[in-house]
Amino acid sequence: MPRRGVRSLQKGQQTRAAILEAALGLASHMGLEGLSIGALADVTKMSKSGVFAHFGSREELQIAVVMEYHAKFEEEVFFTAIREPRGLPRLRALYEHWVRRVSVEIDSGCIYISGAVEFDDRPGPVRDALVSMVKAWHAALHKAIVLALQAGHLRADADVEQILFELHGLILSLHHDARFLRRPGALERAGAGFERIVNFYATPEGLQAAGSKSVAAAAKKTGKRPQT
């Protein structure tokens, strides 16, 4: 390809990336349904036709935003956590990075969660993209739990699907209480919830590997009684 063509392609990719970054910011605050070519043109100071040239339709734009969000989510949560040893140390890291991600989204919003509300009963390509990304994340968590089981860090009778369900439930509660209710202490409760799950399912070897302390022991140390 001629050098001019390469430069033009690179510029086009940079412009598309800039538009996508702006769209991600809009979607985080307004939801995927709040996205429009017009609103994006206003934010990026581009013409509608300029934005349209990179995203042929509103639906294509929404799907691109979902994929971009997932790529950032993987980078911040998954790829940093898998450096930890297999077993409970890795599972703990995945959960802690997930909680950290939610904590910085309190003033904006989680596209996975807001998207589920917007598209739960609306079949189509955008819903399919959301479902696919969430399932990919669940698969990664599921594998981490299975590896913890295989490493002897979880009891042989531990229910992998139940653990996954409970961890996701904690994140949904955290997002609801911290973002919607603005309830103080939500992050601490999310951490305490994880410790309860670990202490219920973990083996002594798993607790030692994860450096975990029971909620009751932690409460005793601080002179507080654990809430039930």
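## Overall fold

The secondary structure of the protein chain comes to 11 helices and 0 strands. Helices here are DSSP runs of H or I with at least four residues, strands are E runs of at least two, and both are numbered from the N terminus. The model is predicted: local features need pLDDT of at least 70, side-chain atom pairs count only at pLDDT 80 or more, and totals for chains, interfaces and linings use all residues. Residues are numbered from 1 along each chain as its sequence is written, and side-chain values use heavy atoms, with hydrogens and water left out.

Of the 228 residues in the protein chain, 40% are buried. Buried means under 20% relative accessible area, exposed over 50%, and partly exposed in between, with a 1.4 Å probe and protein chains only. Contact means heavy atoms within 4.5 Å. Among contacts in the protein chain with a separation of 6 or more, 66% join residues 24 or more positions apart.

## The nonpolar core

The largest nonpolar core has 64 residues. Such a core is a set of buried Ala, Val, Leu, Ile, Met, Phe, Trp, Tyr and Cys residues joined through side-chain atoms within 4.5 Å. Leu32, Val65, Tyr95 and Trp98 have the most contacts inside this core. Helix α7 gives the most, with 10 residues.

Tyr95 reaches beyond its sequence neighbours. Leaving aside those within four places, Tyr95 is in contact with Leu167, Leu170, Ile171, Ala190 and Phe194.

## A buried glutamate

Glu195 lies in helix α9. Its relative accessibility is 15%, so Glu195 counts as buried. The side chains of Glu195 and Arg92 are joined by a polar contact of 2.7 Å. A polar contact is a pair of N or O atoms within 3.5 Å; within protein, one must be able to donate a hydrogen and the other to accept it, and residues adjacent in sequence count only if both atoms are side-chain atoms.

## The cavity

There is 1 cavity of 30 Å³ or more. A cavity is a set of points, on a 1 Å grid over the protein atoms alone, where a 1.4 Å probe fits but cannot get out; lining residues have an atom within 4 Å of a point. The largest cavity has a volume of about 50 Å³.

Its lining includes Leu88, Leu91, Leu167 and Phe194. Helices α5, α8 and α9 each supply at least two lining residues. Helix α9 gives the most, with 4 residues.

Methods: On a 1 Å grid over the protein atoms alone, a cavity is a set of points where a 1.4 Å probe fits but cannot get out, and a pocket is an open set with protein on both sides within 12 Å along at least five of seven lines; lining residues have an atom within 4 Å of a point. Grid points are joined across faces, edges and corners, and a volume is the space filled by probe spheres set on the points.
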